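Here is a short note to read beside the model. Please keep the structure open and find each residue as it is named.

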Amino acid sequence: MPDQRTSAEPPESQLAFAAELRELRRRTFKKPTEEALARRMGCGRSTVSAYLNGRRFPNWEHMAAFVEACGEDPSRWRDRWLRTDRQIEEASKGLRSSLPQLPLIGPETRGDALLAAHWYRDNREFYEAAAARVGQARSEIRVTYTRRYPPTQYTTRASAEYFQTILDWAGEDSDDERSVRRIIGIPERNGLPDRDMFAWARQHYEDSKHILNYEANVLRWTAAADGLNIALIDDSVVFLAFSGGPRQKLNGFCVEDPTLMSYFSAYFDQLWAALQPLGTYLSEADGNRTDKPA
């Protein structure tokens with residue numbers, strides 16, 4: 001249970017979460033002291049220290065106050081707090097958590113978390129988490145879809161809601177400057193686009209062409225396998241999705257790290273600049289009488 005002192009060595013998930021708290025505090029412009037944090041959280045300095053070194057796991061009230069004191073939105077930490085709470089509970093019962101924690105890695109080896117991931121076991125978990133972050137986006141979403149089958153052939157409700165959430169966010173009446181860019185990989189065989197993906201791409205264009213803040217470019221995909229798919233939300237979080245085998249098979253993870261984000265942003269922007277807009281791709285395909293979808 002949250003905010004309880006552990007009688008033995010704290011579980012790895014608890015220690016990893018404490019490392020994330022230390023990193024959050026370290027990133028704060030004016031790093032708050034433990035005393036200042038304790039005042040904001042309504043607890044003692046020793047309690048704050050226990051949270052930061054992993055001897056205790058905070059309850060949500062303390063967690064929210066800690067995050068606010070570090071200048072971030074507590075709602076963005078709710079999912080990871082719940083996940084860690086679940087892992088700690090499983091560890092206390094002697095169960096092996098089904099939600100593994102990424103080993104903490106970085107250029108230094110002093111034990112602090114420089115990079116931590118949140119893992120998703122299946123299609124539903126991944127898409128639910130991604131849709132939740134899309135709904136919280138402030139200004140920019142960049143996503144790829146490079147799979148052998150169109151989204152309409154994946155039947156989970158979570159995946160359908162994820163795709164709709166992106167369009168809804170782009171089309172929302174808002175004073176914010178918003179932008180969604182999507183790279184769509186259309187499989188080709190012998191120079192001909194896959195019939196199902198081509199039909200979906202045409203319908204997607206009709207459904208989205210009126211949304212001023214939404215753009216899609218086409219990547220002609222010749223590999224007989226799914227690509228690595230990414231979602232970049234604002235400048236804060238990277239989602240990576242891995243799929244293959246059965247159509248519904250998908251899992252992945254997300255990482256909140258500005259350096260990692262910069263790498264994937266550069267990759268996405270480079271790829272985007274080399275591709276055709278979806279409307280242009282469809283017009284050329286329609287104008288080529290011999291180029292019929294496979």
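Which residues does A158 touch, not counting residues up to four places away in sequence? A158 touches R124, Y127 and E128, where contact means heavy atoms within 4.5 Å.

Two remarks on the basis of this note. This is a predicted model, in which local features need pLDDT of at least 70, side-chain atom pairs count only at pLDDT 80 or more, and totals for chains, interfaces and linings use all residues. Residues are numbered from 1 along each chain as its sequence is written, and side-chain values use heavy atoms, with hydrogens and water left out.

1. A158 is found in helix α7. Helices (H or I, at least four residues) and strands (E, at least two) are DSSP runs, numbered from the N terminus. A158 has a relative accessible area of 8%, so A158 is buried. Buried means under 20% relative accessible area, exposed over 50%, and partly exposed in between (1.4 Å probe, protein chains only). Look also at A129, which is 29 residues from A158 along the chain. The C-alpha atoms of the two are separated by 9.3 Å.

2. A salt bridge is a side-chain nitrogen of Lys or Arg within 4 Å of a carboxyl oxygen of Asp or Glu. E128 and R124 are 4 residues apart in helix α6 (residues 123-135), so about one helical turn separates them. An α-helix has 3.6 residues a turn, so residues three or four places apart point the same way. Both ends are partly exposed: E128 has a relative accessible area of 40%, and R124 has 42%.

3. **A pair between distant parts.** E256 forms a salt bridge with R133, with 3.2 Å between the closest N and O atoms. This pair links distant parts of the chain, 123 residues apart. E256 sits in the loop between β8 (250-255) and α9 (258-273), while R133 sits in helix α6. Are the two partners buried or exposed? E256 counts as partly exposed, at 23% relative accessibility. R133 counts as buried, at 9%.

4. **A buried pair between loops.** R147 and D226 form a salt bridge, their closest N and O atoms being 3.2 Å apart. R147 lies in the loop between β2 (140-146) and α7 (157-171), and D226 in the loop between β5 (214-221) and β6 (229-233), so the pair ties together parts that are 79 residues apart in sequence. Both R147 and D226 are buried. Elsewhere, salt bridges that share partners join E20, R76, R80, R133 and E256 into one network. The structure holds 23 salt bridges.

5. **Strand β3 and its partners.** β3 (residues 179-189) is mostly covered, with 9 of its 11 residues buried. Which strands pair with it? Two strands pair if DSSP finds at least two bridges between them. β2 and β3 run parallel, joined by 7 bridges. With β4 (residues 192-193), β3 pairs in the antiparallel sense over 2 bridges. E188 stands opposite P193 in β4. The hairpin of β3 and β4 has 2 residues between the strands, and N190 takes a positive phi near 55 degrees there.

6. **The cores.** A nonpolar core is a set of buried Ala, Val, Leu, Ile, Met, Phe, Trp, Tyr and Cys residues joined through side-chain atoms within 4.5 Å. The largest has 41 residues, and Y162, Y214 and F239 have the most contacts inside it. α7 gives the most to this core, with 7 residues. Apart from it lies another core, of 22 residues, among them L24, V48, M63 and A65.

7. **Helix α3.** The buried residues of α3 (residues 45-53) are T47, V48, A50, Y51 and L52. Their cover includes α1 (12-27), α2 (34-41) and α4 (60-69). Just after α3, G54 takes a positive phi of about 90 degrees.
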